[in-house]
Amino acid sequence: MTVEELKKAFAKEFPKYYKERQYFTLNEIKGTPLKDDKATLNSYGINGGDVLYFKDLGAQISWRLVFVIEYFGPLLVFTLFYKFPQFFYVDYKAKEWNLVQKYGYYMILGHYIKRELESVFIHRFSAATMPFYRVFINSTHYWIICGLMIAYFLFHPNYQAVEWTENQLYVIIGLFSLFEFMNFCCHLTLRNLRPSGSNKRGIPNGFGFGYVSCANYFWELCCWTVFAIFVRCLTAYFFLLVSFIQINAWAQKKHIRYLKEFDGKEDKLMYPANRKALIPFFLQVAKRGIQAEIGDQKKK
């Protein structure tokens with residue numbers, strides 16, 4: 001019997017706990033988790049007399065749908081402020097948007113339409129679902145910090161735009177477009193490394209992956225850096241800072257997983273030792289953490 005067959009049998013007996021809500025561990029509550037649905041129970045060393053502990057993960061929602069909901073926020077909020085500013089500002093007097101406001105709006109539209117399309121057609125997720133309540137937490141970053149906080153001040157009647165020259169404008173838009181393209185190429189690379197319906201990982205290469213484990217995150221940070229510099233809005237810099245903190249945390253965890261999974265043992269590939277987690281040539285926190293962990297295990 002496989003783990004998936006076990007979950008289906010459990011769901012048949014207890015319909016409330018559909019497969020995605022189930023979490024089993026072996027012999028104790030914090031025991032070995034049965035994570036791989038395709039693995040057999042024998043592969044986990046389960047014998048007669050062993051006990052499986054069940055945990056309800058709660059109501060679930062698909063990762064893909066969560067991404068679509070998250071990225072829809074800035075598209076909606078920015079469009080409302082751009083098209084109907086009279087509803088958001090007291091004594092608003094109609095005027096034409098300046099170039100920074102126009103291009104800032106188009107940059108947001110371009111970025112999040114791209115992200116919506118990637119979520120639907122490109123991304124392959126290692127897990128099918130997440131707890132439903134997480135959609136509200138995750139959406140705060142996009143709907144409030146990016147959408148509401150940036151849009152309100154960018155389109156405010158008192159907003160003073162930087163007077164960029166024509167050549168400077170070309171450079172800014174060019175860099176933003178380049179970084180978006182590189183981010184897209186990274187997402188295609190990651191997709192091609194994961195067969196459909198699996199949670200397998202490979203070692204990505206090209207488009208910045210030769211320097212960092214999470215090149216897709218790096219290029220996204222580059223996009224938001226250009227955007228913040230372009231609009232010169234304090235809330236845009238705040239969004240950049242919050243994004244960096246969150247993305248760096250994700251990158252460190254993914255970097256550690258790469259180092260553990262591709263350790264060169266048992267015919268596995270060896271993960272390139274020169275790669276950083278997020279920023280080329282910097283932020284090698286994860287690797288030092290791994291080495292310290294290995295050292296501690298040796299002492300024991």
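View 1. Helices (H or I, at least four residues) and strands (E, at least two) are DSSP runs, numbered from the N terminus.

A note before you look further: this is a predicted model, in which local features need pLDDT of at least 70 and side-chain atom pairs count only at pLDDT 80 or more, while totals for chains, interfaces and linings use all residues. Residues are numbered from 1 along each chain as its sequence is written, and side-chain values use heavy atoms, with hydrogens and water left out.

**View 2. Lys19 and Asp37 join two loops**. Side chains of opposite charge can pair when their charged atoms come close. Here Asp37 forms a salt bridge with Lys19, with the closest N and O atoms 3.4 Å apart. This pair links distant parts of the chain, 18 residues apart: Asp37 sits in the loop between strand S2 (32-33) and strand S3 (52-56), and Lys19 in the loop between helix H1 (3-13) and strand S1 (22-26). Lys19 is partly exposed, with a relative accessible area of 22%. Look as well for Lys7 and Glu20, which are linked with Lys19 and Asp37 in a network of salt bridges.

**View 3. Lys102 forms a salt bridge with Glu96**. The closest N and O atoms of this pair are 3.0 Å apart. Lys102 is partly exposed at 23% relative accessibility, whereas Glu96 is exposed at 64%. The count of salt bridges comes to 10.

**View 4. Helix H4 has a kink centred on Thr140**. Helix H4 (residues 134-154) has 21 residues and reaches 28 Å from its first C-alpha to its last. That is close to the 30 Å expected at 1.5 Å a residue, where the expected span is 1.5 Å times one less than the number of residues. The kink is about 35°; the bend at a residue is the angle between axes fitted to the seven residues ending there and the seven starting there. Among the buried residues of H4 are Val135, Tyr142, Ile150 and Leu154. The buried residues of H4 pack against H2, helix H3 (99-121), S5, helix H6 (215-231) and helix H7 (234-261).

View 5. Pro131 and Leu57 are 74 residues apart in sequence, and their C-alpha atoms are 6.9 Å apart in space. Pro131 is partly exposed, at 24% relative accessibility.

**View 6. Phe207 and Asp267 have positive phi values**. Most residues other than glycine have a negative phi, and most peptide bonds are trans. Phi of Phe207 is near 60°, and that of Asp267 is about 65°. Phe207 is in the loop between helix H5 (166-193) and H6, while Asp267 is in the loop between H7 and helix H8 (285-299). Phe207 is partly exposed at 38%, and Asp267 is exposed at 82% relative accessibility.

Key
Buried < 20%, exposed > 50% of the residue type's maximum accessible area, 1.4 Å probe, protein only. Contact = heavy atoms within 4.5 Å. Salt bridge = Lys/Arg side-chain N within 4 Å of Asp/Glu carboxyl O.
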